[in-house]
Amino acid sequence: MSTRPYRTAAATATAVLLAQAALTGTPARAAGSPEEWTGTWGTAPAPAAPTGISREGVDNRTVRMVVHTSAAGGELRLRFSNAHGTAPLALGRSTVALAGSGSSPTAAPGTLRPVTFDGGATGTTVPVGAEVLSDPVPFEVPADLDLLVSVHLPRPTGPMTWHWLAQQSNYVSEPGDHAAESAGGAYTRTETSWFFLTGVDVRGPGTRGTVVALGDSQTDGVKSTQDADARWTDALARRITADPATRGMGVLNEGIGGNRILRDGSETDRPQRGTSALGRLERDVTDRPGVRTAVLYEGINDLQLEPRATSAQVLDGLRTMAERLRARHIRVVVGTLTPFKDSPFYTPEAERARVEVNTALRSPAALAAFDAVVDFDAAVRDPADPQRVRAALDGGDHIHLNDTGYRTLADAVPLTALTGGDVPGAHGRKS
């Protein structure tokens with residue numbers, strides 16, 4: 001196991017500036033090797049909400065969480081975060097298993113394996129503001145299937161580091177350590193959030209590095225079907241796995257509902273909106289294993305939520321993130337912002353700013369900052385009214401998409417944009 005504090009933007013600013021001074025392009029990162037880790041699943045941690053289980057915490061209970069893989073591997077390790085905790089976090093017995101059939105906390109027969117820390121310990125402690133990695137676990141991880149990750153929390157957790165909009169049923173047990181039980185009978189409470197778990201990494205001969213999607217509720221999959229793995233990143237991962245040229249690349253979803261590029265969630269209102277994209281870039285993107293490409297799809301909340309940002313400020317934020325990523329030799333793909341007319345936060349001013357952002361991203365000058373631009377807006381807008389999402393793709397609130405809409409976003413991403421090849425259907429440069 002390794003324990004490390006999260007780095008801040010300030011802690012890396014000098015190194016980033018020095019790297020940028022010598023930067024003349026962004027070569028694609030080399031494909032992974034059997035010795036290198038690839039992210040197969042990930043989520044972004046956020047502070048507890050003002051009320052509810054995340055604020056109350058749990059004591060002497062086991063949480064069993066369902067996570068959906070992207071890349072396959074022959075070995076895995078788990079990441080647990082106490083990024084927003086107020087006290088050291090005690091982790092007790094932990095296990096991993098393939099999920100049984102259907103949406104339930106029952107493990108597939110014969111697949112449950114123990115997870116250890118610190119070279120064989122049953123549990124560990126995560127300092128405030130830090131994350132830990134488990135020991136490697138020999139485990140045949142399939143692509144595009146569900147894992148069950150269970151962890152006993154033996155002492156009061158206090159406010160929990162969590163991911164609130166999982167679009168996935170997860171489970172909390174009756175009192176006690178139930179991590180080693182394959183049956184799910186002890187897991188009597190259902191929650192739709194992930195707690196403390198922020199990543200599953202794999203390695204093996206077929207792994208080829210990681211794609212990270214940084215975004216807001218669109219990336220989080222709001223309005224997609226619960227327990228169906230129907231986010232646009234899930235659809236993209238299936239395309240990657242189906243293509244021999246990209247198979248073995250993992251996809252991490254680092255979207256947070258309500259997240260903004262420039263502002264953190266309010267501590268008194270919506271802390272679960274999380275740290276701004278600029279503030280969490282290192283933690284949620286560059287510090288993840290084997291990252292080759294980042295997809296930046298964010299900015300609409302900056303334009304529509306008070307206090308509102310200008311289009312110039314959003315573009316500056318996207319360019320700043322791209323500079324930091326490319327200084328680490330990570331390819332940067334940016335997405336245009338999709339329509340939201342008739343949504344609760346629509347205003348003509350915000351719409352004008354959205355059009356200004358998209359116009360700038362579509363311009364040839366955008367390639368000075370980004371390696372490729374994917375026109376998500378063009379993929380889902382209504383040709384008869386470009387300020388609206390096409391009715392067949394609308395999730396019902398006129399800003400989020402349904403399952404078909406999210407597949408449409410995924411289909412708009414040329415796989416070559418992720419690897420540095422020629423980019424038909426999007427404008428970009430070959431590294």
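Leaving aside neighbours within four places in sequence, T157 is in contact with G57, V58, L89 and F196 in this predicted model. T157 belongs to the loop that runs between strand 11 (146–153) and strand 12 (162–163). Its relative accessibility is 6%, and because buried means under 20%, T157 counts as buried.

S173 is found between strand 13 (170–172) and strand 14 (189–191). With a relative accessibility of 1%, S173 also counts as buried. Beyond its neighbours within four places in sequence, S173 is in contact with R61, T62, H178, A186, Y187 and T188.

**Confidence of the model**

The protein chain has an average pLDDT of 91, and 89% of the residues score at least 70. Over residues 7–30, however, the pLDDT is below 50, although this stretch has 34 contacts in the model beyond near neighbours in sequence. The pLDDT is likewise below 50 over residues 422–431, a stretch with 33 contacts beyond near neighbours in sequence.

**The largest pocket**

The largest pocket has a volume of about 360 Å³. Its lining is made up of 19 residues, and those that lie nearest the centre are S217, G258, R273, F345 and H400. Helix 3 (217–220) and helix 6 (300–304) each supply at least two residues of this lining. Helix 6 gives the most, with three residues.

**Salt bridges**

The structure holds 24 salt bridges.

| Salt bridge | N to O distance |
|---|---|
| R319 and D316 | 3.2 Å |
| K341 and D385 | 3.4 Å |
| D377 and R362 | 2.6 Å |

R319 is partly exposed, its relative accessible area being 34%. D316 counts as partly exposed as well, at 44% relative accessibility.

The side chains of K341 and D385 also meet in a salt bridge. This pair links distant parts of the chain, for K341 is in the loop between strand 20 (331–335) and helix 8 (348–362), while D385 is in strand 23 (residues 385–389), 44 residues apart from K341. K341 has a relative accessible area of 22% and is partly exposed. D385, at 18% relative accessibility, counts as buried. The cut-off explains the two labels: buried means under 20% and exposed over 50%, with partly exposed in between.

D377 is buried, with a relative accessible area of 4%, whereas R362 is partly exposed at 31%. Both residues belong to a network in which salt bridges that share partners join E351, R354, R362, D375, D377 and R381.

Methods. Residues are numbered from 1 along each chain as its sequence is written. This is a predicted model: local features need pLDDT of at least 70, side-chain atom pairs count only at pLDDT 80 or more; totals for chains, interfaces and linings use all residues. Side-chain values use heavy atoms; hydrogens and water are left out. Helices (H or I, at least four residues) and strands (E, at least two) are DSSP runs, numbered from the N terminus. Buried means under 20% relative accessible area, exposed over 50%, partly exposed in between (1.4 Å probe, protein chains only). Contact means heavy atoms within 4.5 Å. On a 1 Å grid over the protein atoms alone, a cavity is a set of points where a 1.4 Å probe fits but cannot get out, and a pocket is an open set with protein on both sides within 12 Å along at least five of seven lines; lining residues have an atom within 4 Å of a point. Grid points are joined across faces, edges and corners, and a volume is the space filled by probe spheres set on the points. pLDDT is the predictor's confidence in each residue, from 0 to 100. A salt bridge is a side-chain nitrogen of Lys or Arg within 4 Å of a carboxyl oxygen of Asp or Glu.
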